[in-house]
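The sequence and the structure are shown first, and the description follows.

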Amino acid sequence: MASPASSSSSRIDVFWHEGMLKHDTGVGVFDTAMDPGFLDVLEKHPENPDRVKNMVSILKRGPISPYISWHTGRPADISDLLSFHTPEYIKELVQADEAGGKMICEGTILNPGSWDASLLAAGTTLMAMKHILDGHGKIAYALVRPPGHHAQPAQADGYCFLNNAGIAVQLALDSGCGKVAAIDIDVHYGNGTAEGFYRSDNVLTISLHMNHGSWGPSHPQQGTVYELGEDKGFGFNLNIPLPNGTGDRGYEYAMNKLVVPAIQKFKPAIMVMVIGQDSSAFDPNGRQCLTMTGYREMGRKVRKLADEHCDGRLLIVQEGGYHVTYSAYCLHATLEGVLNIPSPLLLDPIAYYPEDEALAVKVVDSIKRYWKDSVPLFGEES
Ligand SMILES: [Zn+2]
């Protein structure tokens, strides 16, 4: 009998490099890296190596391991970064690294080792995308840190320096993919990726996030339904701000009513699923209530869309997810869904969490009505 990973659609090619663990964000109160002087026990910054160590180990030793094929990542060249970021911004980061590091913006700390890790995250994501584009596999997962989806062309934000997913999307476009769709399910608005393609009609960016609004000068975007893109890109940035407490059923409703029809109309050549396990019920940085069941279903739906429109070509890029145990479990569940494994391989150790989806349904329905009037992709619908 063939092993589960023998065909490219029943296997996930995971791209990873342990050098990304060298990004040390320090300890303090939450993500400040500051000691207030009155706490005996200081916590690690939420974006710490432990969370990713568990993601690696659960894929290596968990029940999904036979479906995973491992590939060693590589650092990006500076020239690779300029397809998405401005030269001035990259210079600023290089200089910060040469000076021994600094806090670039709130919670976003470039320490010695951080820049090398950032180059590895970007390069490893590019390698995963190239693997698909070159026809070596259909489904690739870039298991990377520091995360990237808040990094804008000229601005670091929210623990992110380089927009790993954005750089990979640009590679797909430059390699002849006419249209790329990025679906971001991290609990925070994928503002950096949105900003990078805000004036493009070749890239459909969709973000499902909690309704957190702007959080300061590094994150001026609000993530509202009204931020639809500009110029040619108008109607190709779709924000789905979901009420706090939205869980498995609310996310499923939003996927069915908003995301699936948008992708069906757009018809991308390749899909990028931008994942964060900080939408889980137990995340310190989020107020949503997804469990492993919800992640599994979203993985399944995105896979189905990739099969229908993209000949199965799907890049998955890691973003946030800060509960050191549950993030790994939710990742496992997401990839089970992507693989279309019929029944769960791994049971949920800490769900159940209550969910009242009525408010989410109301919000999703109102977004759908708004899109019908404002978004060409939806207005054409009969
Ligand atoms: Zn996040």
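**A cis peptide bond**

Pro146 lies in the loop between β7 (139–142) and α5 (164–174); helices (H or I, at least four residues) and strands (E, at least two) are DSSP runs, numbered from the N terminus. The peptide bond from Arg145 to Pro146 is cis, and its omega is near -5 degrees. In general, most residues other than glycine have a negative phi, and most peptide bonds are trans.

The model is predicted: local features need pLDDT of at least 70, side-chain atom pairs count only at pLDDT 80 or more, and totals for chains, interfaces and linings use all residues. Residues are numbered from 1 along each chain as its sequence is written.

**The chain as a whole**

The chain has 11 helices and 12 strands. Its radius of gyration is 19 Å, close to the 21 Å that the globule rule gives for 382 residues, so the chain is as compact as a globular protein of that length. This radius is taken over C-alpha atoms, and the rule is 2.2 Å times the number of residues to the power 0.38. Along the principal axes, the C-alpha atoms fill a box of roughly 60 × 55 × 45 Å.

Of the 382 residues in the chain, 53% are buried. A residue is buried if 20 or more other C-beta atoms lie within 10 Å of its own, exposed if 12 or fewer, and partly exposed in between, with C-beta atoms placed from the backbone. Among contacts with a separation of 6 or more, 76% join residues 24 or more positions apart; two residues are in contact if their C-beta atoms, placed from the backbone, lie within 7 Å.

**Two positive phi values**

Phe30 is found in the loop between β2 (27–28) and β3 (43–44). Its phi is near 55 degrees, a positive value in a residue other than glycine. Phe30 counts as partly exposed because it has 14 C-beta neighbours inside 10 Å.

Ala33 also has its place in the loop between β2 and β3. The phi of Ala33 is near 60 degrees, again positive in a residue other than glycine. With 16 other C-beta atoms within 10 Å, Ala33 is partly exposed.

**Pro112 and its contacts**

Pro112 sits in the loop between β6 (108–110) and α4 (114–133). It counts as exposed because it has 12 C-beta neighbours inside 10 Å. Leaving aside neighbours within four places in sequence, Pro112 is in contact with Gly100 and Gly101. Gly101 is 11 residues from Pro112 in sequence, and their C-alpha atoms are 5.8 Å apart in space.

**Helix packing**

Helix α1 (residues 49–61) packs against helix α9 (residues 326–338) at an angle of about 40 degrees, with their axes 8 Å apart. That makes α1 oblique to α9; angles under 35 degrees count as roughly parallel, over 145 as roughly antiparallel, 65 to 115 as roughly perpendicular and the rest as oblique. Axes are lines fitted to C-alpha atoms, for helices over the stretch in contact, and angles run from 0 to 180 degrees between N-to-C directions. Arg51, Asn54, Met55 and Ile58 in α1 meet Ser327, Ala328, Leu331 and His332 in α9.

The axes of helix α7 (residues 248–266) and helix α8 (residues 292–309) come within 10 Å and cross at roughly 10 degrees. That makes α7 roughly parallel to α8. Residues meeting in this contact include Tyr251 and Met255 in α7, and Met298 and Leu305 in α8.
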